[in-house]
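Open the model in your viewer and keep the selection tool at hand. The tour goes from one selection to the next.

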Amino acid sequence: MVQASKALDRVLVLEMVRVTEAAAIAASKLVGRGDEKAADAAAVEAMRLAFNGLEFDGTVVIGEGERDEAPMLYIGEKVGNAIGTGPKIDIALDPLEGTTLTAKAWPNALAVLAIAEEGGLLNAPDVYMDKIAIGPGYEKGLVSLTRTPTQNIEAIATAKGVKPDEIIACVLDRPRHEALIAELRATGCGIMLIPDGDVAGVIAVTDPDTTIDIYMGSGGAPEGVLAAAALACVGGQFQGKLLFRNDDERARAAKWGVTDLDRIYDLQDLVKGDAIFAATGVTDGSLLAGVKRRKGCMTTESVVMRASSGTVRWVKGEHKIGA
């Protein structure tokens with residue numbers, strides 16, 4: 001069991017839900033409007049305002065980009081109203097995970113964040129990451145990026161006591177995954193192809209109701225750390241390997257202290273010690289319902305997890321319009 005952090009006071013569990021709720025509500029006003037940038041900007045502004053009402057000294061270690069590239073919530077930005085005096089907290093965030101999903105009113109858009117004590121989250125550069133994830137309850141090291149997709153499917157099928165054709169893998173629907181998809185289909189397993197939102201895809205392995213057994217393929221490295229924080233809270237397994245397409249990306253990695261470009265990161269490398277993960281649905285998805293507008297109010301559905309206790313809370317909120 002991970003030791004509880006004094007810096008991550010229990011009150012922060014509910015406060016993190018309030019932060020993701022604020023971002024989700026702001027983004028929901030632009031669902032289906034076809035404007036990805038406006039939806040993202042609304043979520044970013046709402047999340048930043050919510051953070052700045054909290055009594056901590058927060059640093060964004062995974063955010064909307066580097067300072068010169070992002071107007072707010074950039075990597076290295078300080079948030080909170082106790083800077084220099086409050087507990088030092090590292091923050092990984094994606095105010096709107098699934099900007100395209102929101103713009104097109106597709107499922108699985110989320111407002112998502114993770115926090116840990118200072119130094120607790122890998123400061124991942126904004127590059128691709130090859131990922132593999134499974135939920136809790138399996139022998140440690142059951143799956144690995146050092147094995148083939150076929151070997152990983154066979155391993156999880158054996159662990160479940162079923163044939164590979166009863167396994168469901170989640171993969172981002174991208175041309176770069178053509179070979180992966182072809183190999184997975186050759187095993188006989190089912191594939192849930194998702195258009196965007198690989199944080200939701202990874203987290204789905206923690207919930208049996210999604211029927212997803214394993215997540216495989218490449219996506220954003222910052223999103224990998226966010227998803228790993230959720231798995232750290234519930235005992236899942238995750239591995240990630242940074243992928244570099246050019247010298248610029250390798251230089252970006254060096255800037256953030258990444259020296260071993262071939263390293264495979266385990267869950268404990270990405271998230272050290274206690275952590276809190278929170279997400280609120282923007283659009284309906286496999287994990288969470290989206291924001292709903294009713295007469296005089298809006299409703300939200302969120303999940304919040306803590307690594308030290310292993311607690312998972314599902315939070316339904318009703319927010320009076322104009323309150």
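Predicted model: local features only at pLDDT ≥ 70, side-chain atom pairs only at ≥ 80, totals over all residues.

Leaving aside neighbours within four places in sequence, Val271 is in contact with Gly120, Leu121, Val225, Ala228, Ala229 and Ala232.

Now widen the view to the largest nonpolar core, which has 51 residues. Val271 is among the residues with the most contacts inside this core, along with Tyr215, Phe238, Leu242, Leu270 and Phe277. Next, select helix H7, residues 221–234. Helix H7 gives the most to this core, with 10 residues. To see how the core relates to the domains, colour domain 1 (10–121 + 275–320) and domain 2 (128–270) separately. The core draws at least three residues from each of them.

Which residues does the UniProt annotation "binding site" cover? The unreviewed entry gives Asp40 and Glu64, so select these two. They span 25 residues in sequence, yet no two of their C-alpha atoms are more than 9.7 Å apart, so they gather at one spot.

Start with Asp40, in helix H2 (residues 36–51). Is Asp40 buried or exposed? With a relative accessible area of 18%, Asp40 is buried, because buried means under 20%. Not counting residues up to four places away in sequence, Asp40 touches Glu64, Leu96 and Thr99.

Finish at Glu64, in the loop between strand S1 (57–62) and strand S2 (78–79). Glu64 has a relative accessible area of 26% and is partly exposed.

How values were computed:
Residues numbered from 1 in each chain as written. Heavy atoms only, no water. Core = buried A, V, L, I, M, F, W, Y, C linked by side-chain atoms within 4.5 Å. Buried < 20%, exposed > 50% of the residue type's maximum accessible area, 1.4 Å probe, protein only. Helix = DSSP H or I, 4+ residues; strand = E, 2+ residues; numbered from the N terminus. Domains from an automatic or database assignment. Contact = heavy atoms within 4.5 Å. UniProt positions renumbered as here; feature names shortened; annotations may be inferred.
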